[in-house]
Amino acid sequence: FRAFLVNLLERRNGPIEGFLEKIATDQRLTTNVLSFRRKADGSTKVSLVVSTFHPGPFLNVGSSMLPFLIKEAVERSGGGIAIVPHGVSGHELNIVSQNENRRFLDHVLELLSGGSTSDLASPMVRASIGSASAIGQCFGNAVLLALTLSPIDMEDIPPKVMDAILQSDRRSNPVVIIDSHNSISEMKLMSDQEVRDLGDSGIEAMNEAERMQREPFRIGAAFDRLEMFHPEDGIGPCGLSVLVSEVGDQRVAYVTIDGNNLKAGLREKMIAALMAKGVADGEIMTTDSHMVSGLVVTRLGYYPVGEGVDESLLMERLESAVDRAENDLEEAEVQWSSGAVVVKTLGRSAFENITQEVHNSARFVAGWMLLVFLIPAIFGLLVLR
């Protein structure tokens with residue numbers, strides 16, 4: 001608890017990360033990278049990095065900043081605009097320290113340096129089953145899926161959804177699965193039916209995309225730092241990124257915003273704005289960055305994207321970024337690579353124990369603070385009388 005306070009008050013994460021490393025669990029994390037290159041000269045214009053690490057637990061501790069660190073490292077290495085949407089993972093897969101983050105970053109950069117290539121893609125398809133919806137699109141032999149329950153509240157999609165998709169009959173390899181993490185008004189656990197709906201919609205979207213004819217495609221991308229917004233507002237330094245894909249006469253958009261979830265209902269407004277611009281379909285996703293968590297006193301401990309900012313200004317910047325991505329469209333090819341690395345993560349039991357310990361310590365301190373202030377106040381009242 002002392003280490004927790006040191007980081008909270010002084011932003012020194014060394015003590016708490018040293019403690020977390022001692023109780024960490026070795027975990028194998030998988031990562032998929034889709035790099036889109038200009039056919040004209042072979043240079044990379046945008047890289048999509050999707051992994052099973054979780055960006056937590058909060059502020060600057062562990063992998064909370066990892067989406068931003070990945071973006072910096074990939075862009076420095078010539079990977080174009082780096083986009084890091086949330087993969088399928090929970091808090092038990094928080095990487096515990098900056099030392100482990102560096103090992104993970106080395107792993108990502110290795111994946112950038114090789115892989116299979118193709119200049120063919122399928123159109124995007126959407127499958128909706130029950131409360132869930134999924135988009136699917138094949139790039140070469142890789143299939144890209146994004147799952148959501150929006151406008152229903154959703155938190156982290158459980159790993160068994162990913163397991164169900166990967167264990168189904170499929171032709172694609174790899175299967176790149178994004179947890180869109182794009183609707184919340186209050187915390188709630190997913191029901192068993194919602195979990196089944198997510199898995200079934202992902203499988204259906206994947207199978208339908210695999211049946212579609214592959215054609216040459218064009219890619220456009222744009223990035224907006226959203227410098228007028230800050231982590232206290234719920235938006236991190238990765239800002240807003242747009243990837244536009246065009247296959248035949250279908251134009252679709254993948255939008256990623258650096259934050260911990262999206263205000264419920266905002267995703268639907270953003271999709272409507274895309275369609276009003278002639279985009280056939282797409283998805284709005286977040287990074288699940290926990291850089292924004294623990295900075296404000298709210299019911300969730302952070303502002304979901306859209307709740308702490310001027311929504312009309314955010315919509316304006318989104319539409320501007322989509323325009324720039326469409327103007328950037330050019331013939332492209334995709335390079336895909338997959339791999340795994342073993343790093344130290346929090347683990348489920350350690351996460352639950354630490355959460356309970358911090359909660360108990362906070363209650364203990366709060367009780368003593370109440371006495372510290374209450375006893376002098378009562379004594380003062382008695383003296384004044």
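Biologist: What makes Glu283 count as buried in this predicted model?

Modeller: Buried means under 20% relative accessible area. Glu283 has 0% relative accessibility, so Glu283 counts as buried.

Biologist: Why is the contact of Glu283 with Arg267 called a salt bridge?

Modeller: The rule asks for a side-chain nitrogen of Lys or Arg within 4 Å of a carboxyl oxygen of Asp or Glu. The closest N and O atoms of Glu283 and Arg267 are 2.7 Å apart, so the pair meets that rule. Side chains of opposite charge can pair when their charged atoms come close.

Biologist: Is Arg267 buried or exposed?

Modeller: Arg267 has 10% relative accessibility and therefore counts as buried, the limit being 20%.

Biologist: Which parts does the pair of Glu283 and Arg267 tie together?

Modeller: Glu283 belongs to strand β13 (residues 281-286) and Arg267 to helix α7 (residues 266-276), so parts 16 residues apart in sequence are tied together. Both residues also belong to a network of salt bridges, in which Arg126, Glu268 and Asp281 are linked with them.

Biologist: Which salt bridges does Arg251 form?

Modeller: Arg251 meets Glu246 in a salt bridge of 2.6 Å, N to O. Arg251 also forms one with Glu326, where the closest N and O atoms are 3.3 Å apart. The latter pair links distant parts of the chain, with Glu326 in helix α8 (residues 311-327) and Arg251 in strand β12 (residues 250-257), 75 residues apart.

Biologist: How many salt bridges does the rule give?

Modeller: The count comes to 23 salt bridges.

Biologist: Which residues of α7 and α8 meet?

Modeller: From α7, Leu266, Lys269, Met270, Ala273 and Leu274 meet Glu311, Leu314, Met315, Leu318, Glu319 and Val322 of α8. By class, this contact has eight nonpolar, no polar and three charged residues.

How values were computed: Residues numbered from 1 in each chain as written. Predicted model: local features only at pLDDT ≥ 70, side-chain atom pairs only at ≥ 80, totals over all residues. Heavy atoms only, no water. Helix = DSSP H or I, 4+ residues; strand = E, 2+ residues; numbered from the N terminus. Buried < 20%, exposed > 50% of the residue type's maximum accessible area, 1.4 Å probe, protein only. Contact = heavy atoms within 4.5 Å. Nonpolar A, V, L, I, M, F, W, Y, C, P; charged D, E, K, R; others polar.
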